[in-house]
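This briefing is meant for a reader who is meeting the structure for the first time.

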Amino acid sequence: VLSVRIGARYTDETRKAAYFSAARLYANRALVVKPAGAEGHYAEALSLANQATLLTARGRLLAYREMKGHVQAAVEARPTWADAWQLLGRWHYRVDHYNLLERAFSRVFLGGVPGGASTRRAIEALSRAHELEPQRIQFAYDLARVHLNQSQRSQAVAVLQEAVAVVPVTADELELSRRCRRLLEHLNRQLRRQISRRLKSL
């Protein structure tokens, strides 16, 4: 997990790839030591998700296919682990939003799109992560963005209001807090304009 976090901070893809590969090796070792352990399955799923960003289309789709079993195993082994729920939510949303080429490639070469993925389940998983750890700004930000992409504006605003009330501790949290604040301000401006137009039309 630390290797993934370190690798994600680099802009150079070669360094990213090196850290993400190291993460896969550590995750594999963890699964050898404890095959049913939530931590090993989570680390494997996390490293696959990050490696996917550097792979070709085929490699990326294979990574998402392989990731499914690991992230589900992590949630089943530790149902109160917020990080696992967040990763499961991200998997559901990403796979459910495959573009036409990704869907066609999966059907022709990979035996189909991974089953069971849906935006509804993504929202449920991300909501669970947010409920378990409401102080994690990343969870709130992910959930708010999915709500917004589904045109669920009131739900997005409610989650963002909770997020901006959290005091950030790390530099990453500070940046996410700023993003939440900017997004909330943007939504509030839109709402004010809509109310103004309606009042003028009366």
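The model is a predicted one, and its chain has 10 helices and 0 strands. Buried residues make up 43% of the 202 residues in the chain, and the C-alpha trace spans about 65 × 45 × 35 Å along its principal axes.

**The chain as a whole**

- Read from the N terminus on, the elements run α-α-α-α-α-α-α-α-α-α, in keeping with a chain that has 10 helices and 0 strands.
- Among the contacts between residues at least 6 apart in sequence, 58% join residues that are at least 24 apart.

**Helices α7 and α8**

- The axes of α7 (119–132) and α8 (137–149) come within 9 Å and cross at roughly 155 degrees.
- Angles over 145 degrees count as roughly antiparallel, and α7 and α8 are therefore roughly antiparallel to each other.
- The crossing of α7 and α8 is left-handed, and in it T119, I123, L126, S127, A129 and H130 of α7 meet F139, A140, D142, L143, V146 and H147 of α8.
- Sorted by class, the residues of this contact of α7 with α8 comprise 7 nonpolar, 4 polar and 1 charged.

**Helices α8 and α10**

- The axes of α8 and α10 come within 9 Å as well, and they cross at roughly 30 degrees, which makes α8 roughly parallel to α10, since angles under 35 degrees count as roughly parallel.
- The crossing of α8 and α10 is left-handed, and the contact is made by I137, Q138, Y141 and L148 of α8 together with E173, L176, S177, R179, C180, L183 and L187 of α10.
- The contact of α8 with α10 has 7 nonpolar, 2 polar and 2 charged residues.

**S177 in helix α10**

- S177 is found in α10, the helix of residues 171–201, and it counts as buried because its relative accessibility is 6%, where buried means under 20%.
- Once its neighbours within four places in sequence are left aside, S177 is in contact with I137, V164 and P168.

**R136, between α7 and α8**

- R136 has its place in the loop between α7 and α8, and with a relative accessible area of 26% this residue is partly exposed.
- The side chains of R136 and D83 are joined by a polar contact of 2.9 Å.
- R136 and A82 are 54 residues apart in sequence, whereas in space they are 9.4 Å apart, taken from C-alpha to C-alpha.

**S151, between α8 and α9**

- S151 lies in the loop between α8 and α9, the latter covering residues 153–164, and at 67% relative accessibility S151 counts as exposed.
- The phi of S151 is near 60 degrees, which is a positive value in a residue other than glycine.

- N99 caps the N-terminal end of α6 (residues 100–109), with a side-chain oxygen of N99 lying 3.1 Å from the backbone nitrogen of L101.
- G111 follows α6, and the phi of this glycine is positive, near 80 degrees.

Note on methods: Residues numbered from 1 in each chain as written. Predicted model: local features only at pLDDT ≥ 70, side-chain atom pairs only at ≥ 80, totals over all residues. Heavy atoms only, no water. Polar contact = N/O pair within 3.5 Å; in protein donor to acceptor, adjacent residues only side chain to side chain. Helix = DSSP H or I, 4+ residues; strand = E, 2+ residues; numbered from the N terminus. Buried < 20%, exposed > 50% of the residue type's maximum accessible area, 1.4 Å probe, protein only. Axes fitted to C-alpha atoms, helices over the stretch in contact; angles between N-to-C directions. Parallel < 35°, antiparallel > 145°, perpendicular 65-115°, else oblique. Left-handed = near helix turned anticlockwise from the far one by under 90°. Contact = heavy atoms within 4.5 Å. Nonpolar A, V, L, I, M, F, W, Y, C, P; charged D, E, K, R; others polar.
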